[in-house]
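Work through the exercises below with the model open. Each task is followed by its solution.

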Amino acid sequence: MFNANYHSHSKYCRHASGELSEYAEEAVKAGLKEIGISDHIPLSENAKKVLASYIRLSGSLSLRMDFSDLQSYLNDVENAKSVFKNQLNVLAGFESEYNQFDADYYRQMKAKVDFMNLGIHYVYADGILYDFMDNKVHEDFCIRRVEKKDVASYVQNAVTALDSGLFNQMVHPDVFMRCFKAEDFDSQMEEYFRAIIEAAVKNEVYLEINTSDIFRSTTGFGRIRYPSEKFWKFVSEYKNARILVGTDAHEPDRIADFQMEYVSAFIEKLKLNADSRMKL
């Protein structure tokens, strides 16, 4: 059903393993026709200054490619493109958050690659760091859990990013649902969902059904896994929504780990129309 994957990482992002060539080799073995390598974009010098007090406290900020590795990363992708050109189409990409103060930086970085994934893990606003991957809010030198009111910062950031014209795909768009329990869902959440989905549809940005969290442990705060059925049920109402399935591979043998049985049933149940390839 799926012969392409546009969400994968490598040794360069500092929390994954494997050479880019190994990801390409595994993709060929699995019969994929196209892959996009999307390691986390390096923090700009500006971001390092603005976010300095949070970098060591947040994995979302610290576990990513260093700028000193950027050229090696791009060279490795180009090498994989050349070596596998008769078997596999390899694309260079980045996964990136969106800080408005770095808009020019993102434009410069996009010019170096074939595509950009919007992957919001944290949002920085008004001196507060909201970390939706770690379920933490860093505020006034204190740390607390994410609350429903905090999702407004995620939504505003997502809509601004989607309107920027920088991104081809929004990966794990429902990641913030990891911070909540089923009983936390209400009409406000519905409004948040629609704001993200409608911005993606308007800007023709793909929304990703991310398979990496499907069988991960829920020990702790009883989170909702992504893909969140609640979120994707609303996506199904938008027939012109662009949808891709991504594995968020952090090891080479996960490049084609689409969790096919689960995802196929998920797509069928919600009557979603997932594309097999990204149109660039």
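**Exercise 1: aromatic rings**

Tyr130, Phe132, Tyr154, Phe176, Phe185, Phe193, Phe231, Trp232 and Phe234 make up one aromatic cluster. This is a predicted model, in which local features need pLDDT of at least 70, side-chain atom pairs count only at pLDDT 80 or more, and totals for chains, interfaces and linings use all residues. Residues are numbered from 1 along each chain as its sequence is written, and side-chain values use heavy atoms, with hydrogens and water left out.

Task: classify the pair formed by Phe176 and Phe193.

Solution. Rings of Phe, Tyr and Trp (its six-membered ring) pair if their centres lie within 6.5 Å; planes under 30 degrees apart are stacked, over 60 edge-to-face, and the rest tilted. For Phe176 and Phe193 the centres are 6.1 Å apart and the planes 45 degrees, hence a tilted pair. Phe176 lies in the loop between strand 9 (169-170) and helix 7 (187-202) and Phe193 in helix 7, so the pair ties together parts 17 residues apart in sequence. Helices (H or I, at least four residues) and strands (E, at least two) are DSSP runs, numbered from the N terminus. Phe176 is buried, at a relative accessible area of 0%; buried means under 20% (1.4 Å probe, protein chains only). Phe193 is also buried, at 0%.

Terms used: Buried means under 20% relative accessible area, exposed over 50%, partly exposed in between (1.4 Å probe, protein chains only).
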